[in-house]
Amino acid sequence: MMECIKLAMKGKGYVSPNPLVGSVVVKDEKIIGKGFHRKFGKAHAEVNAISDAEKNGYDLRNSLLYVNLEPCSHTGKTLPCTDLIIQKKIGKVFIGMKDPYKKVNGKGIRKLKAAGIDVKINILRDDCEELNKFFIKFVTKKMPYVSLKIAQSIDGKIALNNFSSKWITGKASRKFVHELRNEFDAVLIGRNTAEYDDPSLTVRDVRGRDPYRIVIDANSKLPDKLNIFTDRNKDKTFIVKANNCKPSRSNDILVNLKNGKIRIPDILKELYKMNIASVLVEGGANLFSQFAGTDLFDEIYLFLAPKIIGTGISSFGDFSVKDLSGINTLKLNYTRQFDQDLLINYKNVYRNNTGYR
């Protein structure tokens, strides 16, 4: 199953909003075929693993098939994987987790069992759920998975008072952020971050595909000279505006205002409609604060740089609570060092947005 997970990870950035899936075929205690879901709309992992085994001349009768997610039993972009497994007379199937998508959700397992195939489920389930956290949230909550990416000094500042923030963290940390951008469908920033940092929000230091760039500019005030409007990826830039603004670009996303502001839930609903299953929020303080206030984030990547800024802009400077009893306590997931920087990854377990058991 760990080999399935490793294979599945090769599809990061290319299969969304479909899940990451890897599959392995075993016979006589030997791996005879491997495959993973390479691209949205293309052959599924089980199909590729079976094809790999047959290409090498193996007979699949009574073989074992491992897959990290329940095989599909419906016709979508591709034919049902369960039908192929049954057709090839595979003897036993090991499944990491049940598929939470309502068109599958146990139907694939029942179909295999009805055909006389021995099925074992929940193999390394926690690892399999972590692998497909984007997909699980997307199909069960009908909202994208949201991670906040915060790069700050050890005294909690993400920029100077004049909004200058390049560069608080080092090269190794920034390279990892580029890896994250490849994994997420979209990057979301606020107007101040777009105007003062003029970021590209592309994948540059590693191989991968560039995410969509979503920028909140309620009153359409951003200058046209910014990188997001002029570089080779300008068609992947979407501007979130108030619905009383006239669309100035084909990629404008118009949403309702409430008390003069664009609401985070409304943005996430629109992104869901666009089949965006995951969002990396990269700033700034006002946007981080809004997510903290609405509790609609799932995870935080907090990069701590060994610097003291003093007076400056705090990560959550626009967020406040009235008493300590109401504070949301995050769960420490892992830590990792990048040269002199420290990454702390936290999960938001208060709402359990990704759970579906």
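Predicted model: local features only at pLDDT ≥ 70, side-chain atom pairs only at ≥ 80, totals over all residues.
Close-up 1. Tyrosine 212 and phenylalanine 238 are edge-to-face because their ring centres sit 5.6 Å apart with the planes at 75 degrees. This pair bridges distant parts of the chain, with tyrosine 212 in strand S9 (residues 212-216) and phenylalanine 238 in strand S10 (residues 237-242), 26 residues apart. Strands are DSSP runs (E, at least two residues), numbered from the N terminus.

**Close-up 2. How covered is each ring?** Phenylalanine 238 is buried at 14% relative accessible area, while tyrosine 212, at 34%, is partly exposed. Here buried means under 20%, exposed over 50%, and partly exposed in between (1.4 Å probe, protein chains only).

**Close-up 3. Charges over rings.** Lysine 236 lies over the face of tyrosine 212, 5.3 Å from the ring centre. Likewise, arginine 174 lies over tryptophan 167 at 4.2 Å. To count, NZ of Lys or CZ of Arg must be within 6 Å of the ring centre and within 35 degrees of the ring normal.

**Close-up 4. An aromatic cluster.** Phe176, Tyr301, Phe303 and Phe338 make up one cluster.

**Notes.** Residues are numbered from 1 along each chain as its sequence is written, and side-chain values use heavy atoms, leaving out hydrogens and water. Local features need pLDDT of at least 70 and side-chain atom pairs count only at pLDDT 80 or more, while totals for chains, interfaces and linings use all residues.

Note on methods:
Phe/Tyr/Trp six-rings, centres within 6.5 Å; stacked < 30°, edge-to-face > 60°. Helix = DSSP H or I, 4+ residues; strand = E, 2+ residues; numbered from the N terminus.
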